Amino acid sequence: MMIKNMSEYAASGEMPEVLFWVGCAGSFDQRAQKITRAFTQILDKVGIKFAILGKEEMCTGDPARRAGNEFLFQMMAYNNIHTLNGYGIKKVVTICPHCFNIFKNEYPALGGNYEVMHHTTFLQQLINDGRVKLKDGGAFKGKKITYHDSCYLGRGNNIYEAPREVLQAFDTELIEMKRCRSNGMCCGAGGAQMFKEEEAGATRINFDRAEQALETGATIIAANCPFCTTMLTDGVKNKEKEDTVKVMDIAEMVAMSM
Amino acid sequence: MHLVQQILFIILAAAAIYIFAKKVREMRRNILLGRDEDLNDNKGQRWKNMILLALGQKKMFKRPVPAILHLFVYAGFVIINAEILEIFLDGTLGMHRLFAPMLGGLYAFLIGFFEILAALVLIGCAIFLVRRNVLKVKRLNMKELNGWPREDANLILITEIILMALFLTMNTADQSLQKLGAEHYTPTCPFWITSNFTGMFAGLSAGTLVAIERSCWWLHIIGVFAFLNYLPYSKHFHILLAFPNAYYSKLMPQGEVKNMPEIQNEVLYMMEPDKAPPAPAEPAEHKNFGAKDVTDLSWKNLLDAYSCTECGRCTSVCPANLTGKKLSPRKIMMDTRDRLEEVGKNINANKEFKPDGKQLINDYITVEELRACTTCQACVEECPVMIDPLSIIMQLRRSLVMDDSNAPQEWNLMFGNIENNMAPWKFSPDDRDAWVNG
């Protein structure tokens, strides 16, 4: 598969249909890289002309802003918007709900106006349009799946149904956790917690959330965020269930079933 | 005799309203100590929020049992207060059941309806007392409620029970007097509830009954005036502030953090000096980045603090609190109100604020609490009256990091990585697309 950079498109005077914003986790984290590859495989198979920014992509500034470092956030935002506007980018898709939230809600005030989609919404549309066809009796047929709402896709932006619709296309049994949708519980990574030790407490947030997921009896915990994926995987390991229960991003599940 | 009662009533009413208005003005002044923020856009949506969330209590119904009980108490409180209008006019004009002759059969229907509501309020408050003190519902028995907040809650419930009991006893005595054909006691159709209880007063003389009826009437209205003046000192003030608070609530997506144009401009000035707006001729006095004290917060944050009724729905869904961290969004709101009240008292005593060496951060809210937040917005989503604890947490975090350079070591490393490697981890930016070959 050939993945082209935006600079290569620009050099040949072409525009891609969509810019795939990979995000820091998707770029560097080994677990999240698998999600990135899965998503690009889908785009490639479907024949969508997409680009990445490659080395020109930078952190959106989300963890800095939420930790309280507005100055650093504004620096990152300035640089990213400068790059994107320089290429005349109109449409962005990302596999990270934190990046999605920044693009959708926080860059517009700074002069960055793009049509942005989270990959689960993007996949749902591809399935609805018949561009992605899932194999009959695919890898997940009849399996029990539970879905973890990430805070910044769910409460943050009210996207609850698109990812569930993708899961329903697998012909699986979707079992909701007690805390789901607008009452979903955080995995513990948001607000820059991913980058520091948790404050002192009785237990870890991801341990609790993973336990809630395990209580459903599901063998697959579907996620939509690279940070949730990491946190929940650690939580499942803590319960020594990693051999029987897998935490997967929805993109990985789609890629496996095409 | 009537005239004395009339004069007494008018003095009492005037005093109650005067003292209440004075305290409300003081609260308004305190709220306006906050940073200016324009929240007058999109009026249609704002009215809709107020009607659905404050009047309609839409979010309460996520938890049906307390929602229904609360609806009884709320409807009772609001609707029975229509009866206060009659009590008020009766008291001022020295009349008795002024509206009875005008409304005829409708009057007995209205009073009957009020009586049913009064009984529901009574039952609702009794169950609430049981939930707090016997069943010990977790969110109503957390340590931030120790002391005054717990007493406040019980006092409100007990007062409401007493007021409703007085109202119902008064009507029962009235019905008995009507049966006796006592002077002044205008005959009405039987009231739905109390007409069945006149047996309670069987055999009492008209004089005793009048004494009972008048005592209840006076105690009830004195109780109402006292309660009115208790409200501003209590969590119960939410019955009024829920309305403006819902009206002025955040309309943008919950995930969005408010921009800081002053820092945006500073970055712009650094990157493209020619494009940045010109610096103001006179440098503004140094404002904190973010907030250290209540006066650095927006007036809406302060309105939030006065609107909080300490129900703890926010804390009961907070992932940090649920896993034993010190953060409790309810405590953030209670601390903000306590500090604001302290600042207000300081102003009352000194004409203007005299620095007292205290601030919201550290003296009320600790760094540990602020650092435990995952910004998951569960608290914001949960609040029935649209309080936004996350907004306060974010502003306090900004002050910690930007004014005091007070961040955990790991965050400082993360900041450094973002600045130097354009990613929160220490990877080379040249490897950002290395996954393509993996």
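Me: Which way do helix 2 of chain B and helix 8 of chain B cross, left-handed or right-handed?

Reply: First, this is a predicted model, where local features need pLDDT of at least 70, side-chain atom pairs count only at pLDDT 80 or more, and totals for chains, interfaces and linings use all residues. Residues are numbered from 1 along each chain as its sequence is written, while chains are lettered from A and ligands numbered from 1 in the order in which they are written. Helices (H or I, at least four residues) and strands (E, at least two) are DSSP runs, numbered from the N terminus. A crossing is left-handed if the near helix is turned anticlockwise from the far one by less than a right angle, and right-handed if clockwise; the crossing of helix 2 of chain B and helix 8 of chain B is right-handed.

Me: OK, what do we call the orientation of helix 2 of chain B and helix 8 of chain B?

Reply: Their axes (lines fitted to C-alpha atoms, for helices over the stretch in contact, with angles from 0 to 180 degrees between N-to-C directions) come within 7 Å and cross at roughly 140 degrees. Angles under 35 degrees count as roughly parallel, over 145 as roughly antiparallel, 65 to 115 as roughly perpendicular and the rest as oblique. So helix 2 of chain B and helix 8 of chain B are oblique.

Me: And which residues of helix 8 of chain B make that contact?

Reply: Two residues are in contact if their C-beta atoms, placed from the backbone, lie within 7 Å. Helix 2 of chain B brings Arg46(B), Asn49(B), Met50(B), Leu53(B) and Ala54(B). From helix 8 of chain B come Ala242(B), Phe243(B), Ala246(B) and Tyr247(B).

Me: Which helices do the buried residues of helix 5 of chain B pack against?

Reply: Buried means 20 or more other C-beta atoms (placed from the backbone) within 10 Å of a residue's own, exposed means 12 or fewer, and partly exposed is in between. Helix 5 of chain B covers residues 105–133, and its buried residues include Ile111(B), Phe114(B) and Phe128(B). Those buried residues pack against helix 3 (64–93) and helix 6 (148–180) of chain B.

Me: Is Asn42(B) buried or exposed?

Reply: Asn42(B) is in the loop between helix 1 (2–31) and helix 2 of chain B. It has a positive phi of about 45 degrees although it isn't a glycine. With 11 other C-beta atoms within 10 Å, Asn42(B) is exposed.

Me: What about Asn158(A), how does it count?

Reply: Asn158(A) also sits in a loop, between strand 6 (144–147) and helix 8 (161–168) of chain A. Its phi is positive, about 60 degrees, though it's no glycine. Because it has 13 C-beta neighbours inside 10 Å, Asn158(A) counts as partly exposed.

Me: Which helix of chain A gives the most to the side that touches chain B?

Reply: The contact takes 56 residues from chain A and 56 residues from chain B. Several helices of chain A each supply at least two residues to that side, among them helix 3 (30–46) and helix 5 (70–87). With seven residues, the one giving the most is helix 5 of chain A.

Notes. Expected span 1.5 Å × (residues − 1).
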